[in-house]
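Welcome to this short briefing.

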Amino acid sequence: LSFHKHGKKEMLINFVAHVPEELKQTIEFYPDQESEFILNGKNITNFYMAKNLTTQNIIIAAHFDVEPKGMEKYLERIECICFHNQPLKVGTQSSMPFDFRIDPKIEKDPEFHNLKEITISYSAYLVE
């Protein structure tokens, strides 16, 4: 069992989902919550929702990105939708967890000391 120290600062986390234009008729993909204030060091879970809009079973995956660049070293992904492919049967929807924390050490990094907001985004794609 490990105990994580919480930081002193809150940060606004924006959650974004991208679907390429060519897949907009195939899948619906969006975050359950679009933003949340979190205390550095605290574990947070948000969900990304995916729905199969086709008449065939599909498998999707998601590519992860975080802004600003360089701060990803402070983002500890505990459970990430980018870790697993997600099968979706015809007409079904799935809720995929993203469990993470921001390392409170970010508060001591001069590059990110005053950072108040980050954006976490996932881009969905079909697995062939």
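Is Ile 102 buried or exposed? This is a predicted model, and in it Ile 102 is buried, because its relative accessible area is 0%, where buried means under 20%.

**Around Ile 102**
- Ile 102 belongs to strand β8, which covers residues 93-102.
- Leaving aside neighbours within four places in sequence, Ile 102 is in contact with Met 11, Ile 13, Ile 38, Asn 40, Gly 41, Met 71, Tyr 74, Leu 75 and Ile 118.

**The four-stranded sheet**
- Strand β8 also takes part in an open sheet of four strands, ordered β2-β4-β8-β6 with antiparallel pairing.
- Its edge strands, β2 (27-31) and β6 (75-79), each pair on one side only.
- On average, neighbouring strands here are turned by 25 degrees against each other, direction ignored.
- Four bridges link β6 and β8 in the antiparallel sense, and Glu 79 stands opposite Asp 99 in β8.

**The five-stranded sheet**
- Five strands make up an open sheet with mixed pairing, in the order β3-β1-β9-β5-β7.
- At the edges are β3 (35-39) and β7 (86-88), each pairing on one side only.
- Neighbouring strands of this sheet are turned by 30 degrees against each other on average, direction ignored.
- Strands β1 (residues 10-18) and β9 (residues 117-126) run parallel and are joined by seven bridges.
- Ala 17 has Tyr 122 in β9 opposite.

Technical notes
Residues numbered from 1 in each chain as written. Predicted model: local features only at pLDDT ≥ 70, side-chain atom pairs only at ≥ 80, totals over all residues. Heavy atoms only, no water. Pairing = 2+ DSSP bridges. Helix = DSSP H or I, 4+ residues; strand = E, 2+ residues; numbered from the N terminus. Axes fitted to C-alpha atoms, helices over the stretch in contact; angles between N-to-C directions. Buried < 20%, exposed > 50% of the residue type's maximum accessible area, 1.4 Å probe, protein only. Contact = heavy atoms within 4.5 Å.
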